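Student: I'd like to go through this structure with you, one question at a time. Could we start once it is on the screen?

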Amino acid sequence: MPHFIVEYTDNLKEEGDLRGLLKKINDVLISRPDLFPIGGIRSRAIELNEYVIADDTEDDAFVHAQLKIGGGRSKEDKTMISEKIFETMETHFASLFEKRYLALSFELQEFGEGGTYKKNNIHPRYKR
């Protein structure tokens, strides 16, 4: 953990630079190794081909993102990282927001320790 998951409408594929967004979000998370071990960060984008937005009369688009994290971080840390991620999303999509109908949303989901299972051999690469 953490896992950053973006769902986006296919009408953003050409101009949305979703891979660029994923890299920017990873950079935000990597900047806080005290909160998020680098080897646990996973980011992915899922293109949506079937969707209806509002009354379906315009070429509307949306991006919905989730950050899934394990439990144990303070409310202040969760608020801070959520605000930084949403600010990064807003900045990333600013030019598109100016020229097309676009909805952006973000949510943080925290898992308790029970019910999650993990195995990862990437972490040792970042141990110093």
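This is a predicted model: local features need pLDDT of at least 70, side-chain atom pairs count only at pLDDT 80 or more; totals for chains, interfaces and linings use all residues.

Student: Is Leu 108 buried, partly exposed or exposed?
Tutor: Buried means under 20% relative accessible area, and exposed means over 50%. Leu 108 has a relative accessible area of 27%, so this residue is partly exposed.

Student: And Arg 19, is that buried or exposed?
Tutor: Arg 19 is found in helix H1. Its relative accessibility is 72%, and the cut-off for exposed is over 50%. Arg 19 therefore counts as exposed.

Student: How many Å apart in space are Arg 19 and Ala 45, C-alpha to C-alpha?
Tutor: Along the sequence, 26 residues separate Arg 19 and Ala 45. In space, the C-alpha to C-alpha distance between Arg 19 and Ala 45 is 7.7 Å.

Student: Let's go inside. Which element gives the largest share of the largest nonpolar core?
Tutor: That core has 26 residues, and Phe 4, Val 63 and Ile 85 have the most contacts inside it. Strands S1, S3 and S4 and helices H1 and H2 each supply at least two residues of the core. The largest share is six residues, and the element that supplies them is H1.

Student: What kind of aromatic pair do Tyr 51 and Phe 62 form?
Tutor: A pair of aromatic rings is described by the distance of the centres and the angle of the planes. The structure holds one aromatic pair. For Tyr 51 and Phe 62, the centres are 6.4 Å apart and the planes are at 85°. Planes over 60 degrees apart count as edge-to-face, so the pair of Tyr 51 and Phe 62 is edge-to-face.

Student: Where do Tyr 51 and Phe 62 sit in the chain?
Tutor: Eleven residues separate the two, and their pair links distant parts of the chain. Tyr 51 lies in the loop between strands S2 and S3, while Phe 62 is in strand S3.

Student: Last one: how many of the residues lining the largest pocket are charged?
Tutor: The largest pocket holds about 230 Å³ of space. Twelve residues line it, with Met 1, His 3, Lys 118, Asn 120 and His 123 nearest its centre. The lining divides into two nonpolar residues, five polar and, for the charged ones, five.

Methods
Residues are numbered from 1 along each chain as its sequence is written. Side-chain values use heavy atoms; hydrogens and water are left out. A nonpolar core is a set of buried Ala, Val, Leu, Ile, Met, Phe, Trp, Tyr and Cys residues joined through side-chain atoms within 4.5 Å. Buried means under 20% relative accessible area, exposed over 50%, partly exposed in between (1.4 Å probe, protein chains only). Helices (H or I, at least four residues) and strands (E, at least two) are DSSP runs, numbered from the N terminus. On a 1 Å grid over the protein atoms alone, a cavity is a set of points where a 1.4 Å probe fits but cannot get out, and a pocket is an open set with protein on both sides within 12 Å along at least five of seven lines; lining residues have an atom within 4 Å of a point. Grid points are joined across faces, edges and corners, and a volume is the space filled by probe spheres set on the points. Ala, Val, Leu, Ile, Met, Phe, Trp, Tyr, Cys and Pro count as nonpolar, Asp, Glu, Lys and Arg as charged, and the others, Gly among them, as polar. Rings of Phe, Tyr and Trp (its six-membered ring) pair if their centres lie within 6.5 Å; planes under 30 degrees apart count as stacked, over 60 as edge-to-face and the rest as tilted.
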